[in-house]
Amino acid sequence: MNLPPFQRLLDEHRVDVYRFLVASVGRQAADDCFQETFLSALRAYPRLRDASNLRGWLFTIATRKAFDHWRVEGRKPVPVERVPEREAPERADDDPELWRAVGTLPPMQRAAVIHRYVLDLPYADVAQALGITEEAARANTYEGRKRLRSMQEVGA
Amino acid sequence: MKLTERAGGIMKGWDEGLEEASRRAAESTVTAARSRGLVDVGYTVVDSPIGSLLVASTRVGLVRLEYLDGDPDDALEELAGTISPRLLEDPKRTEAARRQLDAYFDGRVKRFRTALDWSLTREGFSRRVLEATAAIPFGSVTTYRDVAKRAGSPRAARAAGNALHDNPIPIVVPCHRVVPSGGGVGKYGGQEWRKEFLLRLEGALHGSD
């Protein structure tokens, strides 16, 4: 089977993978997770059997790295809300409150919500990235959303 | 505001920085990949007086030099298929070869001392032809027949021509120094004007013939 040059994967998907990781683990940890994602991918690449969805494959690996990170970090809220102070002036749409809430979701729901709403992926892609069925992807997204909404109501 | 809209808006403040930040992350990933031995082929596209060149090196040495007459996509895909898909843009890996090429085109280097990786050439006659060619000194030329002879098959001038046409490392393995015994510069896989340019650069071709 002919796999494209790995550089092409890096060129075509690095921005989106990076975006997902920033949303998932925050900017501080995104660089490390990004590197681990692409090194893992590079290690496995020559043995890859199915090249029909390389983007999905990369997102599966990136999601696994995000899960690993969350496991290590425990249930601390994602440190994302600190980012605007360092990188850019505070903006209304950074929405730190929502971020904190997302950070308290169980990993599967958290990842599903990020894939679905931050990256705007269809459920089929969310399912692939999480290694679950499309039904389970919908269910996790739904549960995550419900929980976020109830947190907002409690907070309000 | 709806949750979905708020979530979508979350990334807006960062989007401008993502391109730059991810580019930097990608660069340090390549560095890390190299130090972990995960880059099978590193390449760089460089400018030269005879057009863009794709320079590709393995851990062993320079494996491919290719004249590019457009974007490098096809050339890269071929390398991914023939050597390894673990192919990454890596200026560090190609640095030694690039420096020598620069020096060659500036007239500062007459003999390439870069390590070569012969992976793209079959063992046997083809390989012997290219090795014999690599020994032809700067500024001189020889014939297809002579190269065939040095490769051990004096009558295989035509086969020697084919091997030279398939030379994966032109310029450094100077197939441009092999010319027809009947005169003229002869054929060149990288187009004849480039062969003329190289022979002129080396002082092996005079006048406008």
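Residues are numbered from 1 along each chain as its sequence is written, while chains are lettered from A and ligands numbered from 1 in the order in which they are written. As the model is predicted, local features need pLDDT of at least 70, side-chain atom pairs count only at pLDDT 80 or more, and totals for chains, interfaces and linings use all residues.

Chain A contains 7 helices and 0 strands, and its elements run α-α-α-α-α-α-α from the N terminus on. Helices (H or I, at least four residues) and strands (E, at least two) are DSSP runs, numbered from the N terminus. Of the 156 residues in chain A, 44% are buried. A residue is buried if 20 or more other C-beta atoms lie within 10 Å of its own, exposed if 12 or fewer, and partly exposed in between, with C-beta atoms placed from the backbone. Among the contacts in chain A with a separation of 6 or more, 65% are between residues 24 or more positions apart; two residues are in contact if their C-beta atoms, placed from the backbone, lie within 7 Å.

The average pLDDT is 85, and 85% of the residues score at least 70, where pLDDT is the predictor's confidence in each residue, from 0 to 100. The highest confidence in the chain belongs to H1(A), at 95, and the lowest to helix H3 (residues 83-87) of chain A, at a mean of 38. Over residues 81-93 of chain A, pLDDT stays under 50, and the model has 18 contacts beyond four places in sequence for this stretch.

Helix H1 (residues 6-44) of chain A includes Ser24(A). This residue is buried because 28 other C-beta atoms lie within 10 Å. Beyond its neighbours within four places in sequence, Ser24(A) is in contact with Ala66(A), Ala111(A) and Ile114(A). Ser24(A) and His69(A) are 9.2 Å apart in space, C-alpha to C-alpha, and 45 residues apart in sequence.

Helix H2 (residues 54-73) of chain A has 20 residues and should span 28 Å at 1.5 Å a residue, which agrees with the 29 Å between its end C-alpha atoms. The expected span of a helix is 1.5 Å times one less than its number of residues. The buried residues of H2(A) include Trp57(A), Phe59(A), Ala66(A), His69(A) and Trp70(A), and H1, H5 and H6 of chain A are among the elements that cover the buried residues of H2(A). Just after H2(A), Gly74(A) takes a positive phi of about 70°.

Asp120(A) lies in the loop between H5 and helix H6 (123-130) of chain A. Its phi is near 65°, a positive value in a residue other than glycine. Most residues other than glycine have a negative phi. Asp120(A) is exposed, because 12 other C-beta atoms lie within 10 Å.

Chain B has 8 helices and 6 strands, arranged along the sequence as α-α-β-β-β-α-β-α-α-β-α-α-β-α. The radius of gyration of chain B is 22 Å, well over the 17 Å that the globule rule gives for 209 residues, so the chain is more spread out than a compact globule. Here the radius of gyration is taken over C-alpha atoms, and the globule rule is 2.2 Å times the number of residues to the power 0.38. The C-alpha trace of chain B spans about 85 × 35 × 25 Å along its principal axes. Buried residues account for 36% of the 209 residues in chain B.

The domain assignment of chain B gives domain 1 (3-105) and domain 2 (125-201); such bounds come from an automatic or database domain assignment. The centres of the two domains, taken over C-alpha atoms, are separated by 30 Å. Between them, 8 residues of domain 1 of chain B are in contact with 8 residues of domain 2 of chain B. Strand S3 (residues 62-67) of chain B supplies 5 residues, the largest share of the side of domain 1 that touches domain 2.
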